[in-house]
Amino acid sequence: MADSRVINFGAGPSALPVSILEEAGKGLLNFEGTGMGIAEISHRSKEFSAYISTVEAQIRDQLSVPPTHSILFLQGGGTGQFSAVVLNMLARHRLLHPDLPEEARVLDYVLTGSWSAAAAKEARRLAGGATVNVAVDARTLSADGKSFDRIPPHDTYAFSSDPALIYYCENETVSGVQFSHDESAPESFPFDRLPKNSLLPLVGDYSSSFMSRPIPRLADHAIIYAGAQKNLGPAGLTIVIVRQDCIVDVDAAAKLGAIPVPIGYAYKTFAEQKSMPNTPPVFAVYVTGLVLKRNAELGGVAYYEAVNKRKQEKVYKVLREGEGKGLLKGHVKPGSGSWMNVVFEVLGEGAEARFLAGAEAKGMKGLKGHRSVGGIRVSLYNAITEEQTDSLVDYIREFLNQPPLVPPTLPSESLKA
């Protein structure tokens, strides 16, 4: 069975290790010796309650989550959290500042790609009379004024003095832009420019890089969230790490004029009932637990940081080789490129189609870029091995060296000829 599998470079739902899939298959028949499969057993059973607790403990241990933060298991993906963070953080701000005029409440958004732009759009829908402030928009720094192709320099950010929340997306899967986790790098998140409050309302969307490397200043965040379908398991599970002062009584806030929060989006509901006010996505939780156990055996985020660093270096190296030959063109400025999603164009008429067809013939799928950007997108999530990455790099070099493929002639050069 494993021999017939392809290499899945898709952006999500993404590849999972074969050993995990095989183990999950066993759990579908018999979970924890109960004689019932994981898709059949009650989420209230002592076996599943114990299991979800071990999943939480694994996340806390591997990411060094401090006791000041709770770990919640929700549904709705990152898009659901676009809404939940706005509503919960506005409720918190209302409780802290009950007499503040609504227009004086501000939500800061850092725009570096399609997902952060979507999050800001949702904030404008839900903010009521509050103001959505764009702290920086990376598109304004691009050559065409429209492209998300870089992380902005620190001096371009303009944060509010006391916002209800400060949102950023750590890795943008569509355009392949990611903040550096080296705080000395100019492409890092500008922690130095944040308001000097003791309890920052900082919200980080880590959906496509969660568990791939350490999270800088995790303890300084109010909320970190991630969908499981990139690095941890199947779609359906959203992991939310939330500081306890942000788990507020949303009904009390509503009595003071805050926007009512649906019970399925209220962090307090899930915190008080151990993430099970209703049926959680039990199978997704189960597979996530299997992956986390395997991660721990391999060495956790430190192991994946080292492996993922080597993987992305190899892909970017061959991309630069292709750029030198005039055959490839990276979408992102050097220094801002994602470790998880490498985005580039194959230049020349019909070249992209030939590239994709050649890759598929070698058992490599999921390489077509997002419809809004086009080109090629190589997703290098944790389950993609270094050996599989090497196979892709070898194929790209082979493609670049094909004799029939010549650099495209620019119009200006044709005129000169």
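User: Where is the place of R105?

Analyst: R105 sits in the loop between α3 and β3; helices (H or I, at least four residues) and strands (E, at least two) are DSSP runs, numbered from the N terminus. This is a predicted model, in which local features need pLDDT of at least 70 and side-chain atom pairs count only at pLDDT 80 or more, while totals for chains, interfaces and linings use all residues. Residues are numbered from 1 along each chain as its sequence is written, and side-chain values use heavy atoms, with hydrogens and water left out.

User: Why is R105 called buried?

Analyst: Buried means under 20% relative accessible area, exposed over 50%, and partly exposed in between (1.4 Å probe, protein chains only). R105 has a relative accessible area of 1%, and therefore counts as buried.

User: What makes the pairing of the side chains of R105 and H93 a polar contact?

Analyst: The term requires a pair of N or O atoms within 3.5 Å; within protein, one must be able to donate a hydrogen and the other to accept it, and residues adjacent in sequence count only if both atoms are side-chain atoms. The two side chains make such a contact at 3.1 Å. The R105 side chain also reaches the backbone oxygen of L100, at 3.2 Å.

User: Why is the pairing of D390 with K314 called a salt bridge?

Analyst: A salt bridge is a side-chain nitrogen of Lys or Arg within 4 Å of a carboxyl oxygen of Asp or Glu. The closest N and O atoms of D390 and K314 are 2.8 Å apart, and the pair forms a salt bridge. D390 belongs to helix α10 (residues 386-400) and K314 to helix α8 (residues 300-324), so the pair ties together parts that are 76 residues apart in sequence. Both residues belong to a network of salt bridges that links R310, K314, E386 and D390.

User: How do you know that the buried residues of α4 line one face of the helix?

Analyst: The buried residues are S116, A119, A120, E122, A123 and L126. Seen down the axis of α4, they fall within an arc of 160° and so line one face; the arc is that of the directions from the helix axis to the C-beta atoms. On the other side, K121 and R125 are exposed.
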